[in-house]
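Morning, everyone. Have the model up on your screens, please. I'll go through the sheet, then the helix pairs, then the ligand.

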Amino acid sequence: MILITGATGSIGTRLVRRLRELDVPFRAMVRDEAKGRALGCDVVVGDFDDPDSVAAALAGVDRLFLNGAGAVPTSGPRQPMVGQQLAAIDTAVAAGVQAIVKVSVWGARQGAKLAAGAHWEIERHLAAAPVASAVLQPSGFMQNFLTGAGAFSENGDLLGIAGGARVSYIDCFDIAACAAVLLTGAEPARGTFVLTGPEALTQAEIAARLSAAFGRPVGSLELPPREMTARLVAQGVPASFAADVAELWDEIADGSLAAVTPTVRELTGADPRTFERFLADLDLGADLGVR
Ligand SMILES: NC(=O)c1ccc[n+]([C@@H]2O[C@H](COP(=O)([O-])OP(=O)(O)OC[C@H]3O[C@@H](n4cnc5c(N)ncnc54)[C@H](OP(=O)(O)O)[C@@H]3O)[C@@H](O)[C@H]2O)c1
């Protein structure tokens, strides 16, 4: 039995679909039962902040898909995901889970800002735990441009620090497909897998693709880091979080997410989806309503 956490999110909804297609036994842990019912699979209500509910959700489970929220503004020194996922790993080990597949982030490393530093801490804990584990380190999600996590100006233009920087965005469909392979193999999966889309695009190239898909002109605005921080703050983002985000984007401007890896094809046997394919599927309505 597989337990999917983060089942209502960008990756989770697609993983639920994939495991249903594969007809393997699984259940989804959700915080909101009504939201879970919409997934059309077995669900159990659980919250990472309530370890007893996670322990109950893990009854009879031998493989765990560990995925939760990304970085959030916080007053403390630690991202909430760290405490949540360390506890979930310990609970899973105590429950006899044999394999964990965790969603991390490409570039996870000690001392890094936001999700990259938080995931590094969780990865270290997982590596030391007495359980087989595989870590997915995806590039930026194409879905960010639907959820609003990709930044837009008040005029709907795409915002970035350096328009010329390339990012190998990945469709969460492909992350889910890789997770499904790792969760259903004969042997528990092990290793770290850097997952990217098939090509690295500039902000202007993405804006052009979004213009065509949205049926309205989407411009591309290049801002210095200080101006980017000020804009985020004006949008209500706390100043220290905005500064961290701008620093991260500065790294991206230096090419931290520009490489393309062959890992999706190696794991799934299929090429990762292009940005055009991702957008075309939205036009067909396949993903509308997911987020
Ligand atoms: N966005 C990117 O470009 C990117 C790139 C690389 C890696 N990542 C990583 O990918 C992961 C997923 O990010 P995402 O943006 O895809 O998130 P998402 O779509 O918002 O999904 C987050 C999921 O976690 C669930 N969740 C949140 N808090 C929870 C809690 N306390 N207990 C149980 N479940 C909880 C949410 O459930 P509800 O429906 O109840 O809220 C949702 O199903 C994050 O770890 C992020 O760091 C993101």
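Strands here are DSSP runs of E, at least two residues; helices are runs of H or I, at least four residues; both are numbered from the N terminus. Two strands pair if DSSP finds at least two bridges between them.

Angles run from 0 to 180 degrees between N-to-C directions, and axes are lines fitted to C-alpha atoms, for helices over the stretch in contact.

A word on the source. This is a predicted model: local features need pLDDT of at least 70, side-chain atom pairs count only at pLDDT 80 or more, and totals for chains, interfaces and linings use all residues. Residues are numbered from 1 along each chain as its sequence is written.

Back to the strands. Strand 5 (residues 99-103) pairs with strand 6 (residues 132-138) in the parallel sense, over 5 bridges. Find Lys102: opposite it, in strand 6, stands Val135.

Helix 1 (residues 12-22) packs with helix 7 at about 45°, axes 8 Å apart. That makes helix 1 oblique to helix 7. Angles under 35 degrees count as roughly parallel, over 145 as roughly antiparallel, 65 to 115 as roughly perpendicular, and the rest as oblique. From helix 1, Arg14, Leu15, Arg18, Leu19 and Leu22 meet Cys172, Phe173, Ala176, Ala177, Ala179, Ala180 and Thr184 of helix 7. By class, that contact has 9 nonpolar, 1 polar and 2 charged residues. Ala, Val, Leu, Ile, Met, Phe, Trp, Tyr, Cys and Pro count as nonpolar; Asp, Glu, Lys and Arg as charged; the others, Gly among them, as polar.

Next pair. Helix 4 (residues 80-94) and helix 5 (residues 114-128) have axes that come within 9 Å and cross at roughly 15°. So helix 4 is roughly parallel to helix 5. Met81, Val82, Gln85, Leu86 and Ile89 of helix 4 meet Ala118, Glu121, Ile122, His125 and Leu126 of helix 5.

Last pair. The axes of helix 9 (residues 225-234) and helix 10 (residues 239-253) come within 9 Å and cross at roughly 140°. That makes helix 9 oblique to helix 10. Among the contact residues are Met228 and Leu232 of helix 9, and Ala242 and Trp249 of helix 10. Here we have 10 nonpolar, 1 polar and 1 charged.

Finally, the ligand. How many residues surround the ligand? The shell holds 27, and the closest are Gly6, Thr8, Gly9, Phe48 and Gly70. A residue is near if its C-beta atom, placed from the backbone, lies within 6 Å. The shell has 10 nonpolar, 12 polar and 5 charged residues.

Technical notes
Two residues are in contact if their C-beta atoms, placed from the backbone, lie within 7 Å.
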